[in-house]
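Here is a short report on one protein chain. Look at the sequence and the structure, then read on.

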Amino acid sequence: SFTLELEFSCSVLLDHAEVTLQATSDSTEVTPQDNVVKLSVPIRYEINLFLSSNTNLQRYEVHPLGTFTHSSGPEFTTTLKVQNLGCYPTQNITLHMALPALGHQQATILSVTRVLAENATCVLQPPQEGARVVLVPPEDLLHTDR
């Protein structure tokens, strides 16, 4: 039993690796051909993705329970960035985001007005029929100093 560790170059991408193992000895053997085995294994490269986000709204005032207005709050922009920090190319990345949109008594707390994409295709989809809607529970902040 042994472990074989291979290192691959970022400049040469392979789809499989082949290893030939051969056992030999000083003894005379009748069937030496069965002392050789060829192994071929597929190679999968581990990508190194980095996901970051940034928003221009650092603070938002939440009104007490029961005083919700149905008008829109301030518009804010959230930027999501997916970066490949590794040297291996990647494709067909899918990022799913679930945004909490309803609060106490079904009050709308978030609505997406537009989606801008650079080097990507973004699709805004409403929750599917029968999908579980996650509500944001009311919080008691009376005992919190800050």
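## Gln-83 and its contacts

Leaving out residues up to four places away in sequence, Gln-83 touches Asn-48, Leu-49 and Phe-50. Gln-83 itself lies in strand 4. The model is a predicted one.

Along the chain, Gln-83 and Leu-51 are 32 residues apart. Their C-alpha atoms are separated by 6.5 Å.

Is Gln-83 buried, exposed or partly exposed? Its relative accessible area is 27%. Buried would need under 20%, and exposed would need over 50%, so a residue in between is called partly exposed. Gln-83 is therefore partly exposed.

## The whole chain

Read from the N terminus, the order of elements is β-β-β-β.

The protein has 146 residues, and 3% of them count as buried. Its accessible surface comes to about 14,200 Å². Carbon and sulfur atoms hold 51% of that surface.

How much of the contact list comes from residues 24 or more positions apart? Take the contacts with a separation of 6 or more: such residues account for 56% of them.

## A nonpolar patch

Part of the surface forms a nonpolar patch of about 1,000 Å². Among its residues are Ile-47, Leu-49, Leu-51, Leu-80 and Val-82. Others in the patch include Ile-93, Leu-95, Met-97, Leu-99, Val-112 and Leu-124. Strand 3 supplies at least two residues of the patch, and strand 4 also supplies at least two.

Val-115 is one of the patch residues too. Val-115 is found in the segment after strand 4. Its relative accessible area is 44%, so Val-115 is partly exposed.

Leu-49 is touched by Gln-83, and the C-alpha atom of Leu-51 is 6.5 Å from that of Gln-83.

## The disulfide

How many disulfides does the structure hold? It holds one. A disulfide is a covalent bond between the sulfur atoms of two cysteines. In this model the bond joins Cys-10 to Cys-87, with an S to S distance of 1.7 Å. The pair links distant parts of the chain, 77 residues apart. Cys-10 is in the segment before strand 1 (16-22), while Cys-87 is in the segment after strand 4.

The torsion about the S-S bond of Cys-10 and Cys-87 is about -60 degrees, so this disulfide is left-handed. Cys-10 has 42% relative accessibility and so counts as partly exposed. Cys-87, at 36%, also counts as partly exposed. Another cysteine, Cys-122, has a relative accessible area of 47% and is partly exposed.

## The salt bridge

A search of the whole structure turns up one salt bridge. Which residues form it? The partners are Glu-75 and Arg-114. Their closest N and O atoms are 3.7 Å apart. A salt bridge needs these atoms within 4 Å, so the pair qualifies.

Are the two partners buried or exposed? Glu-75 is exposed, and Arg-114 is exposed as well.

How values were computed
Residues numbered from 1 in each chain as written. Predicted model: local features only at pLDDT ≥ 70, side-chain atom pairs only at ≥ 80, totals over all residues. Heavy atoms only, no water. Salt bridge = Lys/Arg side-chain N within 4 Å of Asp/Glu carboxyl O. Buried < 20%, exposed > 50% of the residue type's maximum accessible area, 1.4 Å probe, protein only. Patch = residues over 30% accessible without salt bridge, like charges linked within 9 Å, V, L, I, M, F, W, Y side chains within 5 Å. Areas by Shrake-Rupley, 256 points an atom, 1.4 Å probe, with all protein chains shown as cover. Helix = DSSP H or I, 4+ residues; strand = E, 2+ residues; numbered from the N terminus. Contact = heavy atoms within 4.5 Å. Disulfide = S-S within 2.5 Å.
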